[in-house]
Amino acid sequence: MSAAKNDEKERRVAAGPLISIIDDDESMRSAIVALVRSARYQAHGFASADEFLGCGKVEGFAGIITDIQMPGMSGIELKQHLAACQSAVPVIMITARHDPGLEQKALASGAACFLRKPFEADVLLECLERAVKT
């Protein structure tokens, strides 16, 4: 492949949909960012829902992957806030918690997908692909 064609391919890959990863656990956030990038998406990590909302570019994201349980605003509260703002950005919720009714509450808030940690990487990527294509 010529250098020009390779550069063009790299630009197309870099121009993939932008995904927000919100998790207060830095190692989990970094791992998901790397996973999402390996699937040829752009990814940006945030340590909290407030940090994400403060970036001022919510509608620039094609999808959001968020932990449910975080200090400050929870993932479910984030989804409710986005819905109140008329945002159509799909949200995938992840959690290590096993609280009764948590999955139903997350899905009722409008989550595109709900996964319990630990989850398989391919399952998360399948959820992400479905979410950003709808």
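**Sheet.** Strands and helices here are DSSP runs, numbered from the N terminus (E, at least two residues, for strands; H or I, at least four, for helices). Two strands count as paired if DSSP finds at least two bridges between them.

**Source.** I note that this is a predicted model, in which local features need pLDDT of at least 70 and side-chain atom pairs count only at pLDDT 80 or more, while totals for chains, interfaces and linings use all residues. Residues are numbered from 1 along each chain as its sequence is written, and side-chain values use heavy atoms, with hydrogens and water left out.

**S1 and S3.** I checked this pair and found 4 bridges in the parallel sense. Ile-19 has Gly-63 of S3 as its bridge partner.

**Helix H4 (75–84).** I listed its buried residues (under 20% relative accessible area, 1.4 Å probe, protein chains only): Gly-75, Ile-76, Leu-78, Lys-79 and Leu-82. Seen down the axis of H4, they fall within an arc of 160 degrees, so they line one face of the helix. The arc is taken from the directions from the helix axis to the C-beta atoms. Their cover includes S1, H3, S3, S4 and H5. Just after H4, Gln-86 takes a positive phi of about 65 degrees.

**Core.** I then looked for nonpolar cores, meaning sets of buried Ala, Val, Leu, Ile, Met, Phe, Trp, Tyr and Cys residues joined through side-chain atoms within 4.5 Å. The largest has 20 residues, and those with the most contacts inside it are Ile-22, Phe-52, Ile-64, Ile-68, Leu-78 and Met-93. H3 (49–54), H4, S4 (91–95) and H5 (102–108) each give two or more residues to this core. The largest share, 3 residues, comes from H4. I also listed what Phe-52 touches (heavy atoms within 4.5 Å): Ser-20, Ile-22, Phe-46, Val-58, Phe-61, Ile-64 and Leu-78, not counting residues up to four places away in sequence. Apart from this core lies another, of 18 residues, among them Cys-113 and Leu-115.

**Ser-109.** I found Ser-109 in the loop between H5 and S5. Ser-109 is buried, with a relative accessible area of 14%. Its side chain reaches the backbone oxygen of Ala-106 at 2.6 Å. Leaving aside neighbours within four places in sequence, Ser-109 is in contact with Ile-76, Lys-79, Gln-80 and Met-93.

Conventions. Buried < 20%, exposed > 50% of the residue type's maximum accessible area, 1.4 Å probe, protein only. Polar contact = N/O pair within 3.5 Å; in protein donor to acceptor, adjacent residues only side chain to side chain.
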